[in-house]
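Thanks for coming, everyone. Please look at the structure first, and then we'll walk through it.

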Amino acid sequence: MSYSKAKVEEILNNTISRRSFLKGLAASGVLSALPGGVLEANEDLNTKIPYSGEKSYQTFRNACPRNCYDTCSIKTYVKDGVMQFIEGATESTYTRGGCCVKGNSYVKRVYSARRLKYPMMQVGGKGSGTWKRISWDQAIDIIAKKLLEMKKEDGTLLGAALTKYSGNFGITHYGIEGMFNSIGYTTRLAGTPCWPAGIDAQNLDMGDMWCNDPEEMKDSKFIILWGVNPAANSIHSMKYIYEAKRKGAKVVVIDPIFTETASKSSQYVQIKTGTDGLLALGMAKIIIDAKLHDQKWLDANTKGYKEYKAYLDKEVKLDDVSNVTGIPLAMIKELALSFAKAKPATIWMGYGMQRHTNGGSMIRAIDALVAVSGNIGKYAGGARYGHLNTWGFNYAALSQAKPEGSVGYSGPEGAKGEFAQVGGEKAAYTDRFLNINKTARELMSAKEPKVRLLWVACKNVFAQDFDRNQLIRAFQQLDLVVVADQFFNETAKWADIVLPVTTQFEEYDVNVSYWHYWLSINEQAIKPLFEIKSDLEIAAMLSKRMNQLQAGSCTFPQSVDTKEMTIKEFNPAIYEQFGIQSWEELKKGPVKAKAVIPFADGKFKTPSGKFELYSDKAQELFGSALPKYLEVRQPYDKFRMTSPHSRWSLHSQFQNLEWMEDFHPEPFVYINPDDAEAKMVSSDDMVAVFNRQGVLRLRAKVTDNVQKGTVLMYEQHYHNSIYNVNELVDDTSSDMGAFKTGAPGVALHDTFVNFKKL
Amino acid sequence: MQKAFLVDGSICLGCNTCAMACKNQYHQDQGVTWRKVREIGAEDYLIDNNNILPTLTSYQKAPKVSMPMERFYFSLACNHCENPACVAICPVGAHTKDPETGICKHDQSICIGCGGCVKACPFGASKFNTKMGRAEKCSMCWERQEEGKTTACVQSCPVHAITIIDLHDPKYKALRSDPIGIDYAIDAETKPSTRFIHPFMPKEIYRQAKG
């Protein structure tokens with residue numbers, strides 16, 4: 001085979017000669033022997049790439065940086081500079097040799113013909129679809145000049161806004177915030193649409209969000225999977241749940257939806273959406289009344305048990321619990337008592353449950369139930385939600401000094417993000433923080449100065465943010481929208497400039513999980529394709545150009561190497577926690593943090609140092625010291641719409657890939673048979689689902705996996721479809737989130753719609 | 001020895017990791033899948049657009065089963081039959097049955113694209129690649145197995161819902177060869193090797209009362 005590494009590089013580096021080179025290859029028949037369609041511009045190339053033996057590949061360590069519980073440790077097989085295939089690292093007992101359906105599509109993602117390849121400018125204006133390829137120098141020059149012009153006119157850079165979230169959770173990707181730090185005081189879309197109400201709830205109760213190791217679940221005697229669907233969204237956790245079940249543990253799924261996980265449980269309990277908090281309170285009352293609570297633990301470790309019990313005694317009526325949740329009282333009693341009798345027992349709470357107007361209060365009520373049962377601080381126990389216990393990196397890429405003389409916002413401080421809470425000295429100025437969950441509204445209403453430039457990175461605003469029609473208006477009034485992404489998505493369509501960024505296989509990084517306790521290095525396995533650059537390199541180019549135009553205007557390093565930046569993120573505490581001497585040991589495979597049982601020492605980081613059933617902070621911030629039942633948002637249309645995560649995508653990623661279309665080509669709306677019958681809808685009919693926010697047209701599937709009165713559509717972004725479930729979601733806030741993440745969450749699952757057959 | 005896939009529908013999550021692991025390893029063209037995670041109760045056998053419908057008379061419709069939509073699955077690829085139709089029909093010997101392992105291998109480099117195997121296979125395991133003008137199918141990762149690794153699909157399954165067994169081992173004798181709820185050539189003369197563990201619903205299920 002006359003195919004060499006040098007030739008691949010020549011092709012990738014020289015796009016003009018590429019076409020003619022390809023033609024030559026095709027004519028000689030060589031093309032069909034090339035792997036992976038890497039050189040084919042339009043579509044996949046051919047078929048079977050034989051496995052050629054372990055020794056014939058170079059291997060690299062990678063990690064999946066997506067916003068996912070599982071954060072897989074990956075081993076990448078490369079031949080002649082081209083990725084051949086990946087596998088889960090076998091060293092990690094959590095990943096155990098396999099990724100998921102999404103991870104297994106990475107080779108296609110890297111070499112997809114749909115990838116962004118060059119910087120592009122939408123010369124016809126936002127949304128026009130008239131694009132022109134531009135050089136990196138041109139793109140960076142336009143952005144740098146705009147920033148300096150704004151700074152001159154406004155006297156500050158607060159007119160420049162950054163929206164970035166979970167597209168890549170690699171630690172060096174905080175260099176994107178670092179880039180904005182390095183130009184001055186700017187505007188940030190702060191908060192998280194994901195899990196903020198629950199973070200606040202756990203922090204109010206325990207002073208931290210800190211879950212037990214999921215691998216311990218294998219030894220749990222009773223597991224309640226409460227509003228969580230690991231069979232679709234954390235598949236690597238299922239083996240521990242199965243093992244517990246095989247050893248005799250009862251696995252109960254409480255969920256409004258008969259999920260994939262429910263279908264593999266011991267018991268499924270369908271609950272009316274948004275009433276979980278009351279069920280938890282009722283169960284706690286039953287346990288206490290039966291004297292099955294852990295009085296000794298409660299006396300020693302909690303604050304406010306008396307007030308909490310008084311509330312249960314006085315306000316929580318078991319008949320009401322049954323009526324409101326829709327679950328027979330006998331079943332609730334049996335569930336509560338068997339949970340209390342099993343030791344250790346654990347509850348895993350999903351993020352969907354807190355995406356309600358009463359979400360935080362529900363998480364608090366379930367935390368309290370676990371506390372009452374005496375399962376906090378116990379091996380294989382715990383009120384599981386997530387953790388950031390292994391995230392103690394340096395955030396070196398993030399921490400950049402402001403240029404001298406920078407002028408910023410002098411309002412009240414509010415700088416927060418759930419991951420990288422780097423302490424800084426009190427300054428005269430701060431950045432300006434807008435609520436990420438009301439992006440459209442906030443971009444339009446920000447004044448003095450108004451937002452003129454928006455930088456979008458690690459985020460697909462139009463897929464993930466709310467009120468699409470308002471978003472279009474907000475984008476249109478901006479002078480310059482820059483979108484750094486891997487694909488030409490809906491957000492890119494409303495940009496002025498798009499910049500192609502690397503996948504994790506084309507750069508260095510380091511990754512940990514917010515669920516398990518493994519640490520993975522992410523090595524650069526291949527050279528970046530086409531003209532693609534990493535977010536850090538883009539920041540460096542911007543810094544270089546800004547400093548050429550105005551010396552001292554940007555403090556970001558003017559040339560970066562992602563490997564060097566990654567090394568800078570490590571510190572002795574990380575090494576100590578993971579029992580390694582150097583980051584280089586990670587090249588041999590991922591490592592796990594030393595085992596710790598959260599709160600086993602009875603030390604909580606709350607003001608009282610105890611588990612706070614009664615929280616003054618909660619009283620101050622959210623008006624209720626106790627985890628009282630709060631009624632969920634009232635319907636404003638005929639049917640509740642829930643929009644959970646599907647197995648096929650991670651937010652707006654993966655579903656757009658060619659390979660994913662082979663298995664899951666189109667979206668569906670799932671409708672209960674009773675509701676479908678009333679509207680004369682059968683499976684496969686086209687229906688319109690609509691409300692005051694917007695309308696979606698898609699095919700129906702009729703199933704009693706969803707309960708009557710509820711329709712379900714997954715949150716997904718397709719390649720050639722305008723389908724976007726968030727088009728129907730307004731930006732109503734959940735109860736909590738502002739305490740620890742800077743802004744409240746969004747009550748996504750308190751969306752109401754109607755539908756009709758088309 | 002007859003190597004065979006044992007598919008456990010009682011623990012299969014339907015996550016499709018196995019099917020994508022196959023593409024990750026072999027990079028089949030868009031539209032071509034060697035392994036498919038079939039939903040029990042759904043009639044997707046008939047709408048697999050990559051598949052020219054099986055022509056053998058032993059093909060039969062499965063009895064209807066009542067399982068919830070999109071919850072129970074069997075992951076299926078080539079059945080590595082004891083008496084494979086593809087091997088019998090291939091005019092150039094591109095399909096072979098490994099005498100030692102029983103794996104039905106396909107060598108695409110000598111395939112002439114006549115499509116005989118695609119028509120002859122009662123399970124639609126052989127796929128026709130229209131771009132290449134040749135057939136292709138699962139060869140049970142024999143190259144990986146020769147090196148002591150397991151198949152891509154088995155390695156990546158998060159819950160061991162697919163495993164490889166030796167059908168001639170007496171301890172597997174009692175396993176079922178009929179998948180429920182999926183149209184399948186149950187009594188095919190080819191003697192498919194795949195074995196199944198059937199799924200079941202949770203013992204206790206409570207749904208909200210109607211009205």
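A nonpolar core is a set of buried Ala, Val, Leu, Ile, Met, Phe, Trp, Tyr and Cys residues joined through side-chain atoms within 4.5 Å. Buried means under 20% relative accessible area, with a 1.4 Å probe and protein chains only; over 50% is exposed, and partly exposed is in between.

This is a predicted model: local features need pLDDT of at least 70, side-chain atom pairs need 80 or more, and totals for chains, interfaces and linings use all residues. Residues are numbered from 1 along each chain as written, chains are lettered from A and ligands numbered from 1 in the order written, and side-chain values use heavy atoms, without hydrogens or water.

So, the cores. The largest one has 213 residues. Among those with the most contacts inside it are A:Trp226 and A:Leu519. Take A:Leu519. Beyond four places in sequence, its contacts (heavy atoms within 4.5 Å) include A:Phe393, A:Phe570 and A:Val591.

Next, a strand (a DSSP run of E, at least two residues, numbered from the N terminus). A:Thr710 lies in strand E26 of chain A, residues 710-713. Is A:Thr710 buried or exposed? Buried, because its relative accessible area is 7%. Now A:Pro256. That residue and A:Thr710 are 454 residues apart in sequence. In space, C-alpha to C-alpha, they are 9.1 Å apart.

Definitions and conventions
Helices (H or I, at least four residues) and strands (E, at least two) are DSSP runs, numbered from the N terminus.
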